[in-house]
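Welcome! Let us walk through one protein model together, a piece at a time. Have a look at it first, and then read on.

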Amino acid sequence: MMLLSPEVTAVLYLIAAVCFILALKGLSSPKSARRGNLIGAFGALLAMVVVFLSTELDNVALILGVIAVGTVIAVPASRMVKMTQMPQLVALFNGVGGGAAALVALLELTHVDDLGSVIAVAFTVLVGAVSFSGSAITFAKLQELMPTRPIVFPGAPVVISLVALGALASAVWLVLSGDTTAAYVLLALGTALGVLVVLPVGGADVPIVISLLNAFTGLTVAASGLVLGNTLLLVAGTLVGASGTILTRAMASAMGRSVAGTLFGAFRGGSSAGSTAQSDRPVRSSSAEDVAILLGYAQRVIVVPGYGLAVAQAQHTMAELATTLEAKGIEVVFGIHPVAGRMPGHMNVLLAEANVPYEVLAEMDEVNPQFKNCDVALVVGANDVVNPAAKTSPGSPIYGMPILDVASARQVVFLKRSMRPGFAGIENDLLFEPQTTLLFGDAKDSLTKVLTAVKNL
């Protein structure tokens, strides 16, 4: 029984769509991100309630039961996920969204008869399948369930091309015939294509692919809106597709590569390889006490946090160290690379979790001119984003990538677990410069020792 008229339904869908737009606006700043998430969640809840009240549904009990099961799984899982694992969670969300859209399109195939709807079904099945399987591979790479390095086999470009052509041929077959067999063949080829496209992507580039697949999922949701005649799905999917595309371009630019180079760079040697080789070149290492003296007698310190800080869960210790230095009259600024952590905004959220004020977080373009006037640059768990090779070595896999100009600082202190290179698999020449001091060990343990020594100065 439908309790809402079409007019009321349209108005409520419009309110939900506005909520989604305001949510994206809120997510553009760390200060308003929490509010944006709540507004988006309210919009999604409103949309779901409207569906139940405005549509004749069969098996309502089964639908509610499935929602309950999903809630029971999702709530504790989301609470247990660490901040360092957020990209993996996003990858799973992408995959589930794309897979769900593909399945819905398959179910609707027998209920559509116009050419436009059949084209939308073919598009949704293909792109949704690519998003599902590709996201599964990105999750496995980031979770280190499989090698993070590019996986390339002989003849891979030919195989990928043949599978892609087969998928397009199946899509044409589906559009011309409306045959469910064609739809299942398209689903299988799309799933294979998603795996084949993501396998050659190196670990450092995986977050870019996650963002790209997020855009794909948005497009499949929008196409599902066309198939189902649901305007809200069309609006929501378009928003996700557009924002995902913008984010993908921004991340690729921050890494100094094109989207095509990210996906297919391994075939021409241009993707990050994720080497585990360690250098045997001599470096200048120091103790926590010596680092504390450098920091304690500085006037300006710029902290460059990276994924190593996130993995060590050292953000709270880092925040306390910054507060201690500020209490001694030392200016402390955090220089944030666009892809610090794993994804844009990831490091900002991590530091906000430790109550680091937004005012001391400076983006790359803002902080780079400040390095030449800074006494100490403290690099915690970052590597490729401060590697001068991005500017000086044309043959380097990171050449052209915008970096933080840490090399301009008077003194550089690197907190590293070992001499193992970053995801790009190349040595960081900055480690061997005379103004650079290394403090080896787990980031949290090293920062704790430095913090204790600074308090004792």
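## Two neighbouring strands

Strand E4 (residues 376-380) and strand E5 (residues 411-416) pair in the parallel sense, joined over five bridges. Strands here (E, at least two residues) and helices (H or I, at least four) are DSSP runs, numbered from the N terminus. Two strands count as a pair if DSSP finds at least two bridges between them. One of these bridges links leucine 378 to its partner in E5, valine 413. In general, strands of a sheet pair through backbone hydrogen bonds, either parallel or antiparallel.

This is a predicted model, where local features need pLDDT of at least 70, side-chain atom pairs count only at pLDDT 80 or more, and totals for chains, interfaces and linings use all residues. Residues are numbered from 1 along each chain as its sequence is written, and side-chain values use heavy atoms, leaving out hydrogens and water.

## The whole sheet

Which order do the six strands of the open sheet follow? Reading across, you meet E3-E2-E1-E4-E5-E6, with parallel pairing. E3 and strand E6 (436-440) stand at the edges with a single partner strand each, so one side of each has no neighbour in the sheet. From one strand to the next, the twist averages 25°.

Axes are lines fitted to C-alpha atoms, for helices over the stretch in contact, and angles run from 0 to 180 degrees between N-to-C directions.

## Two loop residues with positive phi

Glutamine 313 has a phi near 55°, a positive value in a residue other than glycine. You will find glutamine 313 in the loop between helix H12 (307-311) and helix H13 (315-327). Is asparagine 355 buried or exposed? Asparagine 355 is exposed, with a relative accessible area of 68%, whereas glutamine 313, at 31%, counts as partly exposed. Buried means under 20% relative accessible area, exposed over 50%, and partly exposed in between (1.4 Å probe, protein chains only).

Asparagine 355 also has a positive phi, near 65°, and lies in the loop between helix H14 (346-353) and strand E3 (361-363).
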